[in-house]
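Colleague: I would like to learn how to read this model feature by feature. Where do we begin?

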Amino acid sequence: MAQIAFSNLRKSYGKTEVIHGVDTHIEDGELIVIVGPSGCGKSTLLRMVAGLETVTSGEIRIDDRVVNKLEPRERDIAMVFQNYALYPHMSVFDNMAYGLKIAKVPQAEIRERVAVAAKMLELEPFLERKPRQLSGGQRQRVAMGRAIVRKPAVFLFDEPLSNLDAKLRVQMRVEIKTLQRRLGVTSLYVTHDQVEAMTLADRIIVMNGGVAEQIGTPLAVYEKPATTFVGGFIGSPPMNFLSVERLQGSGLAASFGEAAPALAKTVGVRPEHLSFCGEGQAAWSGELVIVEALGAETLAHVRLDDGEVIIVRLDGGRTAPVGESRVHVTCEADKLHFFGADEKRID
Amino acid sequence: MQKRVVFNNRLLPYALLAPQILVTAVFFFWPAGQAIYQSAFIPDPFGLKSQFVGFGNFEFLFSDPYYLASFQTTAVFSAAVTLLSMGAALWLAVMADRIIKGSGAYRTLLIWPYAVAPAIAGVLWLFMFNPNVGLVAWYLNAIGYDWNHVLNDGEAMGLVVVASAWRQISYNFLFFLAGLQAIPRSVIEAAAIDGASFWKRFWTIVFPLLSPTTFFLLVVNIVYAFFETFGVIHTITGGGPQQATTILVYKVYADGFIGQDLGSSAAQSVVLLVVVGLLTVVQFRYVERKVHY
């Protein structure tokens with residue numbers, strides 16, 4: 001049980017700064033997901049918390065302790081790695097017991113704690129096996145078991161599901177969430193998968209280029225993206241972005257034109273908020289390029305007159321106006337997101 | 001898809017294998033066969049004819065106290081060389097693995113000694129420790145230690161061990177370093193997070209994961225100590241003083257080419273062949289079981 005706080009946290013390799021000052025406070029028992037594209041600094045941030053990377057400047061606090069200079073073992077944390085990082089020469093039992101043995105926990109208690117974790121993770125039949133005799137999902141559980149038995153103050157997850165196949169990933173995602181709720185341990189979870197972020201997180205930190213672009217609950221991030229990057233990264237298919245000038249020239253100028261703040265450069269609209277309409281109400285018009293029917297939803301790609309492609313999401317039952325070469329798209333005025341020239345949200 | 005390569009021409013696979021088989025035949029089977037054949041004969045002093053003696057040469061060998069002493073010398077020598085060269089190499093590799101800046105320079109420097117020919121390496125050490133002109137010997141003398149490996153058994157043995165091990169350290173270093181780098185970084189990091197200190201991680205994670213490399217090097221180093229140290233011994237001590245550094249392979253040479261006892265020399269080669277064969281079998285049978293692949 002612990003709170004974590006970053007204040008103006010920075011990391012440089014030589015002269016290149018890769019994390020440009022992150023500030024946040026993580027409450028006791030929260031599950032925070034750090035999400036972002038490759039190279040955005042999310043793993044580096046996590047490894048700084050773990051003590052595997054040095055802190056260039058700023059502070060990391062776990063509870064009231066500044067841990068910047070502490071060794072990993074002095075921080076009371078446990079980490080689950082992307083490639084699981086199991087000890088290949090040890091049995092599942094020994095893998096889980098390793099940390100406890102080093103901490104000189106009595107034998108009987110080690111056996112008990114490993115047994116409890118193994119039961120929780122359904123690993124009991126495999127305790128004598130070596131990691132190489134396990135499937136990917138089982139190895140993943142062992143890695144989690146190794147973290148759980150130590151009863152740490154903080155769990156760190158570094159893309160733990162990215163080596164699993166899609167079906168197993170969904171299953172493990174639910175299990176991680178359930179387990180974290182049950183244990184109530186403060187957790188930091190790094191992923192590049194925005195669906196994982198949305199489903200797991202109490203709060204999301206969206207990172208891009210070493211900066212935390214937005215910190216908030218999944219729905220807040222989804223509904224009010226702070227920057228165009230966040231809007232484009234969170235949500236699948238991503239938000240459509242168009243220039244405000246186009247909007248003002250459209251048939252909806254009367255209602256939308258006023259909605260657009262003076263400094264707005266870009267307007268963002270989620271695919272599900274767009275719908276097809278008659279020519280009279282059209283905000284945008286273009287040509288239907290392709291229709292992807294996914295069952296539960298149908299995605300229509302429309303190439304606007306200036307060549308820009310936008311995606312319109314329809315419910316699965318409804319079909320796009322196939323056969324019509326020219327289509328008209330509209331949406332409600334309050335579903336538009338406006339962004340300034342600096343790509344930041346304008347309300 | 002076919003897993004095995006199938007040749008359409010019957011002769012082609014034989015032709016492809018021929019060079020390797022030819023080399024093995026000329027440089028191994030033929031001399032080994034000759035040694036076995038000759039070990040059953042005693043040639044006359046002028047080498048004009050030989051007399052068949054069966055196992056006579058072997059009987060004589062195993063009742064010869066000098067020969068039996070040479071066994072012990074070899075055991076001490078190869079154990080010391082293997083331990084020293086592997087221990088030092090492992091230590092250097094672990095240290096070099098931790099270095100981030102200038103690691104390339106360190107590695108290159110550490111690999112260099114391997115390029116030095118055994119006889120040259122021997123002479124190098126001989127000059128440093130020569131009781132009359134050697135620099136190290138002179139300094140030892142200055143601090144009150146009377147170094148003279150020409151007369152002192154222990155010092156002679158120590159010197160050939162160090163000189164032989166020194167050359168092999170580079171080779172071992174290279175393999176240990178590669179072995180260390182093949183261990184996933186995250187496994188070590190996981191152990192660090194699990195609370196293990198550097199040395200605890202080394203003994204519980206790194207060393208066990210390095211065991212395939214260690215085992216391979218063990219076999220290679222013992223063979224090296226048995227055979228390839230000839231040049232070092234020949235230049236530094238010539239097997240002396242009083243046969244204190246005469247290992248089996250040196251005795252084969254000394255008895256055969258200096259003592260001109262070709263029958264006994266041939267018999268010794270056969271014994272050596274059997275000993276190394278047995279050692280390798282033992283290593284693979286018993287030591288390999290403890291190796292984690």
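Modeller: With strand pairing. Two strands count as paired if DSSP finds at least two bridges between them. Keep in mind that this is a predicted model. Now a case: A:S285 stands opposite A:H328 in β17(A).

Colleague: How many bridges join β14 to β17 in chain A, and which way do the strands run?

Modeller: 4 bridges join β14 (residues 284-293) to β17 (residues 326-331) of chain A. The two run antiparallel.

Colleague: What is the strand order of the sheet they belong to?

Modeller: The order is β13-β17-β14-β15-β16 in chain A. These 5 strands make an open sheet with antiparallel pairing. Its edge strands are β13 (274-276) and β16 (309-315) of chain A, and each pairs on one side only. From one strand to the next, the twist averages 45 degrees.

Colleague: Let us step back to the whole chain. How many helices and strands does chain A have?

Modeller: Chain A has 10 helices and 19 strands. Its C-alpha trace spans about 80 × 45 × 35 Å along the principal axes. Of its 347 residues, 40% count as buried. Take contacts in chain A between residues at least 6 apart in sequence: 65% of them join residues at least 24 apart.

Colleague: Where do the domains of chain A lie?

Modeller: Domain 1 covers 4-232 and domain 2 covers 240-346 of chain A. Their centres, taken over C-alpha atoms, are separated by 38 Å. The contact between them takes 8 residues from each domain. On the side of domain 1 that touches domain 2 in chain A, count 3 nonpolar, 4 polar and 1 charged.

Colleague: And the contact between the chains: how many residues does each side give?

Modeller: Interface size is often quoted as accessible area lost when the parts come together. Here we count residues. Chain A gives 17 residues and chain B gives 15 residues. On the side of chain A that touches chain B, β6 (77-80) and α2 (92-102) of chain A each supply at least two residues. That side divides into 13 nonpolar, 3 polar and 1 charged.

Colleague: Now burial. Why is helix α8 of chain B described as largely enclosed?

Modeller: Count neighbours: a residue is buried if 20 or more other C-beta atoms lie within 10 Å of its own. In α8 (residues 185-193) of chain B, 7 of the 9 residues are buried, so the helix is largely enclosed by the rest of the structure. Among them are B:V187, B:E189 and B:I193.

Colleague: What covers the buried residues of α8(B)?

Modeller: The cover includes α1 (42-50) and β6 of chain A, together with α9 (198-209) of chain B. Just after α8(B), B:G195 takes a positive phi of about 105 degrees.

Colleague: Is B:F227 buried or partly exposed?

Modeller: B:F227 is partly exposed, because 14 other C-beta atoms lie within 10 Å. B:F227 is found in α10 (residues 211-228) of chain B. Its C-alpha atom is separated by 34 Å from that of B:T204, 23 residues apart along the chain.

Notes
Residues are numbered from 1 along each chain as its sequence is written. Chains are lettered from A and ligands numbered from 1 in the order in which they are written. This is a predicted model: local features need pLDDT of at least 70, side-chain atom pairs count only at pLDDT 80 or more; totals for chains, interfaces and linings use all residues. Axes are lines fitted to C-alpha atoms, for helices over the stretch in contact, and angles run from 0 to 180 degrees between N-to-C directions. Two residues are in contact if their C-beta atoms, placed from the backbone, lie within 7 Å. Ala, Val, Leu, Ile, Met, Phe, Trp, Tyr, Cys and Pro count as nonpolar, Asp, Glu, Lys and Arg as charged, and the others, Gly among them, as polar. A residue is buried if 20 or more other C-beta atoms lie within 10 Å of its own, exposed if 12 or fewer, and partly exposed in between; C-beta atoms are placed from the backbone. Domain bounds come from an automatic or database domain assignment.
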